[in-house]
Amino acid sequence: MPAPHRPGRPAGAGFRPLARGAAVLAAALALLSSLTGVAPAAPQAADVADVDVRINAQAALGRLSDTARGVNTAVWDSHMNDPEVADLMKAADVGAMRYPGGSYADIYHWETHTAPGGYVAPGTGFDAFMGTVRATGAQPILIANYGSGTPEEAAGWVRYANVTKDYGAKYWEIGNEIYGNGHYGSGWEHDDHEDRSPREYARQVRAYAAAMKAVDPTVKIGAVLTTPGEWPDGVVGEGDSGDWNHTVLPEVADVIDFVSVHWYAGGSDTTAADASARLARLPGELREVRGQIDRYAGADSPDIGIALTEINTNTGGARLTARPNGLFAADAFMTALENGVFTVDWWNTHNGAGDITTVDGETDYGDMGMLSSGACTGDVCEPAPNTPFHPYYGMKMTGELGSAGDTMVAAASSAQDVSAHAVLRRDGRLSVLLVNKNPDAAQTVDLGYSGFTPSATAPEVSRYARGDSDITAITAGEASASQVTVPPYALLTVTLEPQAGTGPGSSAAATPGTPKLDVVTDTTARLSWEGAAGATRYLVQERDGAHTRLVGESTGTSVTLRNLPPGSTHTVNVLAADASGRLSTPSSPLTFTTGTPSDAACAVAYHRDTSWGNGFVATVTVRNLSDTPITGWTVDWDWPTAGQSVSSGWSATFHQTGSHVRVTAPEGAGPLAPDGGSSASFGFVGANDGPGPDPTVFRLNGSVCSSG
């Protein structure tokens with residue numbers, strides 16, 4: 001039976017069955033060679049490059065987990081346990097399989113294998129699913145029934161899975177998209193609780209966690225959050241004191257092990273170009289999730305993971321099985337993993353045919369699955385069941401890039417239509433994935449490196465392009481360490497050997513632990529980390545894109561960074577050096593933000609009065625704490641992310657240039673009295689395209705103010 005569709009629901013809703021001359025190029029390659037030891041490739045040195053990609057192997061973005069690549073599976077999918085599924089997923093290095101399927105989780109009763117009000121296909125019970133999981137070599141991510149279940153039912157499932165059957169099921173979410181239960185006016189998620197507020201969900205999460213961990217203390221409990229910048233983020237329901245995330249997280253941060261968020265690029269009319277552009281919002285949204293966890297979990301924040309348990313281009317309709325969505329899948333998987341999630345789970349394994357269109361000369365079946373379900377729309381039928389669609393090959397190509405334990409490192413591209421991702425492998429090799437989103441033109445890419453010196457050995461190259469029926473190895477000699485050409489609408493992975501005696505593999509120092517933030521003020525930050533065997537000193541590097549700079553050095557396992565700007569955000573890695581000065585693989589990164597001075601001569605209180613996902617109303621109150629009055633004031637701040645702006649305001653004059661906002665006192669405004677004797681307030685309507693974090697620092701007439 002084809003997976004049913006529920007049209008008309010909000011995005012993310014739960015049931016979803018340069019050109020330059022040869023002389024310039026030669027000079028650049030010569031400079032690169034002198035700096036990094038990369039020898040320019042003579043056969044291609046005169047080629048004109050369209051794109052520059054720079055990889056920094058000393059700027060780690062985190063480690064790939066054993067659950068990095070995941071897929072959703074659903075009990076209404078009669079093909080979910082076909083033997084071909086396990087074979088295909090194993091070939092793509094899939095490490096996580098989520099069950100029992102989106103919104104069905106909140107009507108599904110595991111013991112009876114029933115879902116009142118929904119269809120359950122034969123042969124899709126929990127034990128059959130676990131057979132596929134084990135044949136794949138993956139781990140299950142299981143969704144406990146919140147909508148019509150109980151903590152006791154969930155605890156019984158844990159007992160059966162991990163005590164009776166010894167499946168070792170680690171990850172358990174409490175419900176699916178519970179914020180879609182109607183509390184905010186739009187309801188698709190089943191919820192029998194009389195109180196459907198985030199407050200009640202938080203209370204129940206605590207009860208579920210207690211019951212489930214009483215059976216197996218090793219299970220990891222996940223709470224559902226909204227994605228910042230996506231509906232209903234920021235919406236405050238009737239009777240609530242805050243929006244979903246800011247109500248749930250403070251109440252559950254001490255009992256959960258991860259949070260679960262979903263991300264879809266848009267609705268059914270989303271084009272390939274739209275999806276690619278909107279993917280640029282995802283890093284900021286995930287940073288905001290981490291920021292919220294930091295706020296409420298404090299020192300325990302690093303122990304709480306982020307799972308992106310549903311992702312796809314759109315929420316159903318069209319442009320889903322064709323080549324552009326395969327490119328999107330590869331780009332999206334790596335973008336999410338590089339920004340702090342431990343699993344990315346594609347919606348769906350099989351889903352069912354939708355709107356039929358033609359994309360890039362191929363039939364697009366409007367199917368959100370990675371594999372064909374063999375379904376039909378009218379007289380147009382999909383290929384045989386389990387035939388891979390393009391998104392499957394996009395996911396599979398990320399397996400060519402790296403596997404569990406490998407280190408993702410920074411890569412930057414000079415062109416919007418070419419994405420770049422890089423992984424430093426445990427054996428010392430470096431792999432680079434290039435995504436050419438231009439449907440009409442091949443892109444010649446210059447490759448440059450920091451912290452890595454390629455050997456003279458020709459790289460291994462894998463390609464997925466028009467005409468390829470699977471990922472294809474390219475003949476040696478068609479690419480070099482310094483330049484490759486990516487066909488139009490294609491994926492290319494280049495894997496390079498390090499020059500002998502170079503790279504982390506040549507260092508006697510092991511990798512240091514991830515730095516922790518011990519103390520932070522407005523201008524300083526004290527960091528510490530676990531030491532590394534063989535290390536004689538440690539280097540702390542700050543990353544800006546694919547560039548790094550040394551900001552601290554120590555022979556011990558801590559350092560204090562000084563002279564940092566108030567309200568500034570920093571991302572740092574630690575590298576260990578051995579007695580010969582050779583550097584280890586970089587640690588995983590830490591991102592932190594400095595505060596504001598406690599003894600400032602001014603104070604600013606910033607308050608969000610109301611929000612609605614992509615907009616908000618805020619009030620700002622300014623006080624002068626100095627001993628002299630201030631006449632003719634200005635207040636300045638910078639938005640933390642792109643896409644934030646002031647739409648309109650009152651009680652002041654507003655001007656925004658780029659991300660910088662300046663607010664000027666209205667004509668006729670009186671002075672601000674000294675010692676906080678008076679205050680000035682103004683308000684505005686703000687907009688955010690994507691995440692909308694609050695500003696971190698305000699200045700009154702150029703002086704940094706304290707908060708509050």
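Mentor: Let us start with helix α4 (residues 151–164) and helix α5 (residues 198–215), whose axes come within 8 Å and cross at roughly 30 degrees; axes here are lines fitted to C-alpha atoms over the stretch in contact, with angles running from 0 to 180 degrees between N-to-C directions. Helices (H or I, at least four residues) and strands (E, at least two) are DSSP runs, numbered from the N terminus. This is a predicted model, in which local features need pLDDT of at least 70 and side-chain atom pairs count only at pLDDT 80 or more, while totals for chains, interfaces and linings use all residues. Residues are numbered from 1 along each chain as its sequence is written, and side-chain values use heavy atoms, with hydrogens and water left out.

Trainee: Why is α4 called roughly parallel to α5?

Mentor: Angles under 35 degrees count as roughly parallel, over 145 as roughly antiparallel, 65 to 115 as roughly perpendicular and the rest as oblique; the crossing angle is roughly 30 degrees, and that makes α4 roughly parallel to α5.

Trainee: Which residues of α4 and α5 make the contact?

Mentor: With contact meaning heavy atoms within 4.5 Å, α4 contributes Pro 151, Ala 154, Ala 155, Val 158, Arg 159 and Val 163, and α5 contributes Gln 204, Ala 207, Tyr 208, Ala 211, Met 212 and Val 215.

Trainee: What makes Cys 376 and Cys 381 a disulfide?

Mentor: A disulfide is a pair of cysteine sulfur atoms within 2.5 Å, and the sulfur atoms of Cys 376 and Cys 381 are 1.8 Å apart. Cys 602 and Cys 705 also form a disulfide, with their sulfur atoms 2.0 Å apart, and the count by this rule comes to two disulfides.

Trainee: Why is the disulfide of Cys 602 and Cys 705 called left-handed?

Mentor: The torsion about its S-S bond is about -100 degrees, so the disulfide of Cys 602 and Cys 705 is left-handed. By contrast, the link of Cys 376 and Cys 381 has 100 degrees about the S-S bond and is right-handed.

Trainee: How do you know that Cys 376 is partly exposed?

Mentor: Buried means under 20% relative accessible area, exposed over 50%, and partly exposed in between (1.4 Å probe, protein chains only); Cys 376, at 37%, therefore counts as partly exposed, and Cys 381, at 38%, is also partly exposed. Both Cys 602 and Cys 705, however, are buried.

Trainee: And what makes Asp 166 count as exposed?

Mentor: Its relative accessibility is 56%, and exposed means over 50%, so Asp 166 counts as exposed.
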